[in-house]
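Open the model in your viewer and keep the selection panel at hand. The stops below can be taken in order.

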Amino acid sequence: MTTNIRIHAAEGALDVAFEGDGAPRQIGADNLVDLDLAYAVTCHKCQGSSAPRVIVPLYRTRVMDPSWLYTAVTRAERQVVLVGDPEVVAEALRRPYAAEARTVGFRWPGGPR
């Protein structure tokens, strides 16, 4: 996580505090020119849409299962970047699909009772 702590408008620079660093770092105009806007959204909010590049953070969570990974990875048009522990992916792929674990109260005509 980063936090902008001071803007130097006249110099076209800013000070940024990076988590884990002891002191803020100044990012000068020569590096700021390469910055671009990025957007973060949840995987499920992205269903039905896409983006040129998708970055998928990998961390242990109860919602990460094969269907979640499929949804995240297939949002990318050109590139997917997985960031984190590969074992998290392996664990997620060993889990049952969330849809298989759902219990609903509907009874369909001709269905199991």
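Predicted model: local features only at pLDDT ≥ 70, side-chain atom pairs only at ≥ 80, totals over all residues.

Residues are numbered from 1 along each chain as its sequence is written, and side-chain values use heavy atoms, with hydrogens and water left out.

Colour by pLDDT (the predictor's confidence in each residue, from 0 to 100). The protein averages 83, and 92% of the residues score at least 70. Confidence is lowest in strand β1 (residues 2-8), with a mean of 72, and highest in α3, at 94. Helices (H or I, at least four residues) and strands (E, at least two) are DSSP runs, numbered from the N terminus.

Next select C43, V54, V56, L58, M64, W68, L69, A72, A76, V88, V89 and A92: these 12 residues form the largest nonpolar core. Such a core is a set of buried Ala, Val, Leu, Ile, Met, Phe, Trp, Tyr and Cys residues joined through side-chain atoms within 4.5 Å; buried means under 20% relative accessible area, exposed over 50%, partly exposed in between (1.4 Å probe, protein chains only).

Centre on L58. Leaving out residues up to four places away in sequence, L58 touches M64, L69, L82, V83, G84, D85, V88 and V89 (contact: heavy atoms within 4.5 Å).

Move to V83, in strand β5 (residues 76-84). V83 counts as partly exposed because its relative accessibility is 44%.

Finish at P24, in the loop between β2 (13-18) and β3 (25-27). The C-alpha atoms of P24 and C43 are 32 Å apart.
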